[in-house]
Amino acid sequence: MRVTILSQYFDPEPIPKAGDIARALRDHGHEVTVITGFPNYPSGRLYDSFKLRLLQRYEQDGIPIIRTFELPYHGKSVIGRIVNYCSFALSAPLGALIGARSDVMYVWHPPLTVGLAAWLISVIRGMPFVYDVQDVWPESAVLSGLMKEGFLVRGMSMIERFVYRRAAHILVVTEGARQNLMAKGVPADKVTVMPNWVDESLFDTSAEERREAVRSRLGWQGRFVVLFAGNLGLVQGLDSVVLAATHLPSSSKVLIALVGDGSDRERLVGLAREQHVEDRVQFVDRQPMSRMPEFMAASDALLVHLRRSELSRFIIPSKTLAYLAAGRPIIMAMEGAAADLVSEAGAGIVIPPDDPVHLARTIESLAAMRQNAVEQFGKNGRSYLQANLAKERVIARYEELLSRVARKNGRA
């Protein structure tokens, strides 16, 4: 089977799914071509060692990579985001012209505009596409505060339905997202709930020596470290996390470490300074994906926080699966499918979001628990992941679906 993967984000950006699928399909003997943009997420700054150009073609891990122009941006400006998204949507079809002809195309969404590029490529190259909807737009853009109801949102709704009609099949992460699409007229048999995955082999839960080395380097010795890893953006609502530090007892040994970058980081740093909690909230620069397992292993608990909104019904933050693999207790300050997952796995404590006092009390109670009780949360989470969300187990389902779509359209 010949597969084109279309994703605005790709390695080395910290969104691993498209890269994982590309390498897995390659390892299973399929011919894979990737069309993507120039890496700038989540900071909005072009990565070092890359130069912006219209097209760039090269091989990475034995896979042809075609990068096409996008204007780097990931700030709070709606206009800036639109220009970023649209620039890639317009340039990606050019990349398809120099790429190999494929039997099927896998498309990673967001942003919504990548769906328009997928449709154009499918017309130009005559191949069906499977649309993997990670965030339901325009709802996600509105609920995150990036956009307000109005002309642009109505236009996005029209684009959304246009793309859904032309996709050969659609994947979503949660049943809530599936119901949302069906309410918009997408046939039930065209939408499949498909989980994400994580490679648990990357997480060595027994490397005590490396754990202590990281703790020593970051000044974590003698502290109960609660780690939030990932995008420090508006939708995460991390004000509550910073403010939780103000409600910790004066004798507390808790340290909240926010590891990552994003559009809201600078403001959060200022908030921590205003609240005089710099000794309890630590900001660590974004790390390569390859190093995140050791940061998680060096922590004592792992935090997921998302502002309260309908968005919680549609998504499971990808960090949740990495946290399960890390074998550390999870504090899930979020509602919806992700909270249900942690509860089902017995992997930690679920609390409401946007409640600094409740969060502070939960962290303190976890820090005061017996060590074996804390460790059991981590063991439960890792066991659940290995049984249900291990990489090879889940990717095989993606491979089968792509093959089925290609055969149905007479391509494979």
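Author: The following account begins with the sheet and then turns to its surroundings. The model is a predicted one.

The sheet is open and consists of eight strands, arranged in the order 3-4-2-1-5-6-7-8 with mixed pairing. Its edges are formed by strand 3 (55–60) and strand 8 (191–193), each of which pairs on one side only. On average, neighbouring strands of this sheet are turned by 20° against each other, direction ignored.

Let us consider strand 5 and its partners. With strand 1, strand 5 pairs in the parallel sense over four bridges, and Thr-4 stands opposite Met-105 of strand 5. Strand 5 and strand 6 also run parallel, joined by five bridges. Here Met-105 stands opposite Phe-129 in strand 6. Strand 1 (residues 2–6) pairs in turn with strand 2 (residues 31–36), in the parallel sense and over five bridges. In that pairing, Ile-35 of strand 2 is the bridge partner of Leu-6.

How many residues of strand 5 are buried? Six of the six are, so strand 5 is largely enclosed by the rest of the structure. Both of its faces are covered. Val-104, Tyr-106 and Trp-108 are buried on one side, while Met-105, Val-107 and His-109 are buried on the other.

In soluble globular proteins, nonpolar side chains tend to be buried together. In this model the largest nonpolar core has 104 residues, and Leu-6, Tyr-131 and Met-296 have the most contacts inside it. Helix 15 supplies the largest share of this core, seven residues. Apart from this core lies another, of 31 residues, which includes Val-241, Ala-244, Ile-349 and Leu-366.

Most residues other than glycine have a negative phi, and most peptide bonds are trans. Against that background, the peptide bond joining Asp-11 and Pro-12 is cis, with omega about 15°. Pro-12 has its place in the loop between strand 1 and helix 1 (17–27). A cis peptide bond also joins Tyr-41 and Pro-42, with omega about 5°, and Pro-42 is in the loop between strand 2 and strand 3. Ser-49 is found in the loop between strand 2 and strand 3 as well. Although Ser-49 is not a glycine, it has a positive phi of about 80°. Is Ser-49 buried or exposed? Ser-49 is exposed, with a relative accessible area of 75%.

Helix 12 (residues 337–345) has as its buried residues Ala-337, Ala-338, Ala-339, Leu-341, Val-342 and Ala-345. These buried residues pack against helix 11 (319–326), strand 13 (330–333), strand 14 (348–351) and helix 14 (371–388). The axes of helix 12 and helix 14 come within 8 Å and cross at roughly 105°. Angles of 65 to 115 degrees count as roughly perpendicular, and the two helices, helix 12 and helix 14, are therefore roughly perpendicular to each other. At their contact, Leu-341, Glu-344 and Ala-345 in helix 12 meet Asn-380, Gly-381 and Tyr-384 in helix 14. The residues of this contact divide into three nonpolar, two polar and one charged. Helix 12 is followed by Gly-346, whose phi is positive, near 65°.

A positive phi is also found at Asp-354, which is not a glycine; the value is about 60°. Asp-354 is found in the loop between strand 14 and helix 13 (356–368), and is partly exposed, with a relative accessible area of 33%.

Terms used: Residues are numbered from 1 along each chain as its sequence is written. This is a predicted model: local features need pLDDT of at least 70, side-chain atom pairs count only at pLDDT 80 or more; totals for chains, interfaces and linings use all residues. Side-chain values use heavy atoms; hydrogens and water are left out. Two strands pair if DSSP finds at least two bridges between them. Axes are lines fitted to C-alpha atoms, for helices over the stretch in contact, and angles run from 0 to 180 degrees between N-to-C directions. A nonpolar core is a set of buried Ala, Val, Leu, Ile, Met, Phe, Trp, Tyr and Cys residues joined through side-chain atoms within 4.5 Å. Buried means under 20% relative accessible area, exposed over 50%, partly exposed in between (1.4 Å probe, protein chains only). Contact means heavy atoms within 4.5 Å. Angles under 35 degrees count as roughly parallel, over 145 as roughly antiparallel, 65 to 115 as roughly perpendicular and the rest as oblique. Ala, Val, Leu, Ile, Met, Phe, Trp, Tyr, Cys and Pro count as nonpolar, Asp, Glu, Lys and Arg as charged, and the others, Gly among them, as polar.
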